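Please read the numbered points alongside the model.

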Amino acid sequence: MTQLHRVSYGFVLLAALLVGVYGCGQKASPPEGAPSDASAPQVKQGESESAAEAEADMAEPAEETEETAEETTEETTEETTADESAGEWGTLTGRIVYEGDAPDPQPIDTSKDPNCTEKLTAENLLVGADGGLKNAVVMLRSDPPKVNEELVASEPAEVTLDNKNCRFEPHVQVVLTSQKLLLKNSDPTGHNSNLSPIKNTAINPVLAAGGEPIEYQFSSPEAIPVRVGCNIHPWMAAFLVVREDPYAAVTAEDGTFTIKDLPAGEELEFRLWHEGSGYLANAEYKGGKADRRGTVKLKIKPGTNDLGDIKVSNTIFKN
Amino acid sequence: MRTILSGCVRFTPCLALVLLVGCGQSDPPQFTLDMVAIAEKQIPANQQQKVANILEAMFGTPDDPFVLPETGLDLAKLQMAAGPVKSDQFGHETGLYRRHCAHCHGTTGDGLGPTAMILNPYPRDYRQGKFKFKSTERPAKPTDYDLETVLRQGVQGTAMPSFALLPDAQIDALVEYVKYLSMRGQTEIGLTDAMADLSEGEELPLTHDTLVAEILAPVAESWQEAPDKIIPTDGDNAKPDMPKAESIAAGEKLFYSAKANCAKCHGWSALGDGQTNDYDDWSKAIHEAEESLASDVNTLNEAEMSAEEREALARHVALLSSALATDALPPRHAIPRNLRQGVYRGGRAPYDIYRRIYAGINGAPMPAVGPPFPGAPGTLTSDEIWNLVDYVLSLPYEPISQPPRDQRAVSRAQL
């Protein structure tokens with residue numbers, strides 16, 4: 001028995017030694033910190049062909065893309081020139097409807113700050129009696145072929161995001177890059193406004209009780225609404241729809257929205273968004289359906305364009 | 001040992017075991033994608049592959065880094081920090097990042113090295129381009145000197161040690177490599193954001209204009225302009241000529257006021273026991289992903305939907321849950337600093353504390369009381385910030401901060 005053992009040890013050790021010398025010699029040592037990528041679904045870094053392709057494309061500033069982008073819109077412009085004589089601008093209206101049972105808004109525990117005496121409930125999903133979805137955003141995604149400058153001029157020079165009763169007011173609003181944003185505090189307690197935009201400068205100023213508002217101005221539009229938080233009161237949240245043009249609207253309590261003075265005649269791409277779901281994927285309306293990124297393509301006619309009820313399935317919302 | 005071996009000998013597969021264990025299949029290490037973000041942004045598999053390919057074309061691999069001129073990075077320095085640990089002549093070492101950093105900060109700079117889980121605080125994830133302890137304005141990048149200071153001094157109160165014994169050239173190489181990993185990570189975020197913005201049927205153009213000019217260049221520029229974003233502590237921001245006791249008293253008043261609001265989080269005791277339920281940006285992202293997953297699982301179990309929708313949602317749930325299991329650390333609340341201990345992660349010099357209060361801490365809940373932009377009015381004046389600095393630095397020396405003597409000693413008789 002021991003004899004056998006000794007032989008076996010020798011064999012195993014010899015095998016290990018051989019493996020050590022031949023098997024492992026040439027490979028690079030594994031990285032110490034390589035995180036497990038077992039979960040990564042077949043994402044291999046650099047499949048040589050396409051990596052090389054990407055590299056080659058980056059080297060030469062190609063103009064192809066712009067051309068292809070224009071091509072798609074050209075088709076629609078040609079066939080709609082007749083409409084333009086009737087009027088330059090059109091209004092888009094509709095109502096966003098939440099389909100299915102909506103959970104009741106949850107009460108918020110504000111006990112950390114005794115100054116927050118108002119009873120608050122969560123505002124992340126507000127559904128009216130008839131299913132109207134409040135605080136959803138309808139915004140133009142494509143660059144507008146033209147902008148009604150009178151409409152821009154009629155917008156106020158400043159918009160305010162107030163901190164009142166330990167919540168933001170309003171919860172969702174549109175801010176233009178031409179407008180000044182005033183971060184105001186009407187409460188007897190201190191707040192801070194933590195803005196985390198993607199394209200613009202992130203700020204997080206303290207707002208003193210009774211202090212002057214802090215001024216901010218966005219320099220470029222944002223593809224998705226910017227979240228504003230208060231770290232002193234982590235339940236607080238607001239969203240800013242940051243735009244260069246005025247073609248965005250936030251739905252009212254009954255889910256309705258109106259975007260005025262859209263350029264008529266051309267096909268425009270709109271996005272539907274809500275904080276509880278991100279893009280309103282697969283929203284259905286009479287005559288069409290949004291894609292998985294909540295994109296809706298519409299040709300605006302002069303006068304009023306009513307989309308009617310835009311139905312959104314409750315399965316896309318986070319509760 | 002003996003029993004293990006003898007047990008082993010009885011089984012012939014033992015040899016196979018030796019073959020496997022002795023010779024770990026060592027493919028060269030790869031950068032990995034942020035799968036939590038990819039699942040959250042619902043980037044389909046073919047586009048994930050594209051993101052990985054673009055990043056490899058732009059930045060190379062952990063063994064073979066590459067940089068475009070737009071980054072302003074020095075490839076020679078990166079080559080010294082990258083690759084496997086080796087030294088082919090006396091005093092010349094490469095693979096510095098893997099030797100000194102990767103076990104905590106991860107090969108990709110994602111803060112997911114094998115030791116990360118047991119550290120508190122977690123190691124920095126560079127990919128968001130957010131760094132806490134620096135001399136610049138809140139959203140700005142750190143300067144090279146800021147990163148060098150962190151490397152040389154370590155971060156007090158954390159697991160980050162001092163690398164002061166490394167030669168200057170090696171510190172330089174590591175600073176460059178951290179910037180490289182951070183630019184790569186932020187470019188990845190830019191790419192996945194752009195992918196998430198695509199409507200159905202749209203493709204991201206693989207062109208210089210889109211990939212380099214629109215996505216990479218702004219990231220690189222933010223690093224290049226960091227030296228212009230330093231918060232001065234002289235001139236208008238100089239410390240006022242004021243008796244220390246007076247300044248401390250003014251600072252104390254501000255600390256507990258509804259103007260500066262320090263006590264809201266650092267507590268009325270200054271022990272860091274105020275608002276303790278918030279997260280930093282890194283943990284918040286994971287916390288939100290976890291909540292989103294829980295909600296999706298709930299929907300999957302309870303809601304009615306078409307077979308097609310159900311399948312899509314089940315796929316999303318599978319991807320997100322595996323990403324959270326392997327590519328994320330459990331979220332932890334951001335606990336405000338206990339100011340009575342005299343431990344300051346970002347440096348204990350008065351100008352360090354001044355900049356922390358002035359600009360807040362990027363990525364952390366700590367907000368700013370200084371002007372959000374140079375020249376704009378802030379919540380507090382520079383003099384008021386200096387008063388707070390004096391008060392904060394006096395806190396560890398207050399009698400109440402010292403443990404009472406009679407409780408500190410244990411008499412031998414008790415044992």
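Among contacts in chain A between residues at least 6 apart in sequence, what percentage join residues at least 24 apart?

1. The figure for chain A is 69%. Two residues are in contact if their C-beta atoms, placed from the backbone, lie within 7 Å.

2. This is a predicted model, in which local features need pLDDT of at least 70 and side-chain atom pairs count only at pLDDT 80 or more, while totals for chains, interfaces and linings use all residues. Residues are numbered from 1 along each chain as its sequence is written, and chains are lettered from A and ligands numbered from 1 in the order in which they are written.

3. The model has an ipTM of 0.89 and a pTM of 0.85. The pLDDT, which is the predictor's confidence in each residue from 0 to 100, averages 81 in chain A, where 73% of the residues score at least 70.

4. For chain B the mean pLDDT is 92, and 92% of the residues reach 70 or more. Over residues 1-15 of chain B the pLDDT stays under 50, and the model has nine contacts beyond four places in sequence for them.

5. Chain A contains four helices and 20 strands; helices (H or I, at least four residues) and strands (E, at least two) are DSSP runs, numbered from the N terminus. Of its 319 residues, 39% count as buried. A residue is buried if 20 or more other C-beta atoms lie within 10 Å of its own, exposed if 12 or fewer, and partly exposed in between, with C-beta atoms placed from the backbone.

6. One open sheet of chain A has four strands in the order 5-12-11-8, with mixed pairing; two strands pair if DSSP finds at least two bridges between them. Its edge strands are strand 5 and strand 8 (194-195), each of which pairs on one side only.

7. Within this sheet, strand 12 (residues 237-243) of chain A is mostly covered, with five of its seven residues buried. Strand 5 (residues 172-176) of chain A runs parallel to strand 12 and is joined to it by five bridges; here Val174(A) has Val241(A) as its bridge partner. Strand 11 (residues 226-229) of chain A runs antiparallel to strand 12, with four bridges between them, and Val228(A) stands opposite Ala238(A).

8. Chain B is divided into domain 1 (35-227), domain 2 (231-278 + 336-401) and domain 3 (281-326); the bounds come from an automatic or database domain assignment. The C-alpha centres of domain 2 and domain 3 of chain B lie 41 Å apart.

9. Which residues of helix 11 of chain B are buried? They are Ser247(B), Ile248(B), Gly251(B), Leu254(B) and Phe255(B). These residues lie on the same side of helix 11 of chain B because they cover an arc of only 120 degrees around the axis, the arc being that of the directions from the helix axis to the C-beta atoms. Their cover includes helix 12 (262-266) and helix 16 (382-394) of chain B. The face turned away from the buried side carries the exposed residues Ala245(B) and Glu246(B).
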